[in-house]
Amino acid sequence: MTTTETGTGELLRPHAEQTFAEELRALAAADDRPRPPSWRLSPWAVVTYLLGGILPDGTAVTPKYVGPRRLVEVAVATLATDRALLLLGVPGTAKTWVSEHLSAAVCGSSTLLVQGTSGTAEEAIRYGWNYARLLAEGPSTGALVPSPVMTAMHRGSLARIEELTRIPSDVQDALITVLSEKTLPVPELGTEVQAAKGFNVIATANDRDRGVNELSSALRRRFNTVVLPLPATEDEEVAIVTRRVEQLGAALELPAVPAAADEVRRVVRVFRELRSGITADGRTKLKSPSATLSTAEAISVLTSGLALSAHFGDGVLRAADVAGAVLGAVIKDPVADAVVWTEYLEAVVREREGWSDFYRACREVHE
Ligand SMILES: Nc1ncnc2c1ncn2[C@@H]1O[C@H](COP(=O)(O)OP(=O)(O)O)[C@@H](O)[C@H]1O
Ligand SMILES: [Mg+2]
């Protein structure tokens, strides 16, 4: 069944351009600034879509990304040049999220996507063949199966490449001609596909992967790199987590659980302290566990807590609903991380005023 038949109401996870179709329409209507060739919105409107704002007609645009405005401006401006955009950062810093929203805002579609893995083949970046037709007709335009990149070149839109540095180097190099010459040769047909105006690429890469160095210098020169940081302050991270947990809870149709603010702050505090290796008051040094403890993980810890509380608890999010998931996120290595966690629990959580319920809940699941 196609999307139009079901409507987005039935979809488990609509694309950004579906979820925010209304906002994108209002932005396009309010936007009288110059648009780069084949862009749906001006760079200014794309930045407003990402960071949120109030339009002259009173429409509220929700913030999608919370972070430095300048970063988003650089990212958007890059897409209007002949250089591609590389979003770099540790896991859970919203690289994929920003890439999806940027494509939705710039070209109305976030679905021309190549998922990079060690098994990604050249066909995913260039083109493949429909073998039945190839055998029947020989090489022909009809037998050619375009990659998302080729389709984006045709349409003059954005292609997304996720986890670029996980792709084997020789396959990555297929992008060099595409990005430098803006053309994709098809020697079998003696032709080429030349990119229409508006074509560009947004890639993401994880700087915890050995990865980045594997990006050849030839390819690296074709990208402008924007590093997405972890949220600067606890308040900022609490705001991000609160908003996403609400949205996810609504999308999953979890029964509403009132005022989870205390638990959100607590989970964020625990994650930030363990991540940075020092308590929020700066008094106690801590060991960090091997886990990333990203904002994205805090979001999923709280979402599972909400589901527990809504279905099996008393409808209020309590320490006992999140303790299990916090533990699961922190302890990836059952030996070393368990030691780090126990030290943190006894030295910090136990002593902290107002945290005795959390301490008890954590002790119970950790026994
Ligand atoms: N600064 C931020 N602003 C808004 N959302 C964020 C931010 N940081 C993390 N998130 C949330 O974290 C989740 C996961 O991000 P994702 O894009 O998958 O991370 P990455 O690709 O960097 O590993 C998303 O749901 C996103 O909403
Ligand atoms: Mg990602």
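Predicted model: local features only at pLDDT ≥ 70, side-chain atom pairs only at ≥ 80, totals over all residues.
Trainee: Into which domains is the protein divided?

Mentor: Domain bounds come from an automatic or database domain assignment, and here they give domain 1 (70–227) and domain 2 (234–366). The C-alpha centres of the two domains lie 37 Å apart.

Trainee: How many residues of domain 1 are in contact with domain 2?

Mentor: Contact means heavy atoms within 4.5 Å, and by that rule 4 residues of domain 1 are in contact with 6 residues of domain 2. Buried area is the accessible area (1.4 Å probe) that two parts lose on being put together, summed over both; for domain 1 and domain 2 it is about 370 Å², with 58% of it on carbon and sulfur atoms.

Trainee: How do I read a salt bridge?

Mentor: Side chains of opposite charge can pair when their charged atoms come close. The rule asks for a side-chain nitrogen of Lys or Arg within 4 Å of a carboxyl oxygen of Asp or Glu, and by this rule the count comes to 22 salt bridges, although the count between domain 1 and domain 2 is 0.

Trainee: Which residue forms a salt bridge with Asp-235?

Mentor: Asp-235 pairs with Arg-265, and their closest N and O atoms are 3.1 Å apart. This pair links distant parts of the chain, since Asp-235 is in helix α12 (residues 234–251) and Arg-265 is in helix α13 (residues 261–276), 30 residues apart. Helices here are DSSP runs (H or I, at least four residues), as strands are (E, at least two), and both are numbered from the N terminus.

Trainee: Where do Arg-266 and Glu-263 lie?

Mentor: An α-helix has 3.6 residues a turn, so residues three or four places apart point the same way. Arg-266 and Glu-263 both lie in helix α13, 3 residues apart, which is about one turn of the helix, and their side chains meet in a salt bridge (2.7 Å, N to O).

Trainee: Are Arg-266 and Glu-263 buried or exposed?

Mentor: Buried means under 20% relative accessible area and exposed over 50%, with partly exposed in between (1.4 Å probe, protein chains only). Arg-266 is buried, and so is Glu-263, whereas Arg-265 counts as partly exposed because its relative accessibility is 32%.

Trainee: Why does Asp-31 count as buried?

Mentor: Asp-31 counts as buried because its relative accessibility is 7%. Asp-31 lies in the loop between α3 (21–30) and α4 (43–51), and, leaving aside its neighbours within four places in sequence, Asp-31 is in contact with Leu-41, Ser-42, Trp-44 and Ala-45.

Trainee: Which residues of helix α8 are buried?

Mentor: In helix α8 (residues 148–155), the buried residues are Val-149, Met-150, Thr-151, Ala-152 and Met-153. The helix is followed by Gly-156, whose phi is positive, near 70°.

Terms used. Residues numbered from 1 in each chain as written. Chains lettered and ligands numbered in written order. Heavy atoms only, no water.
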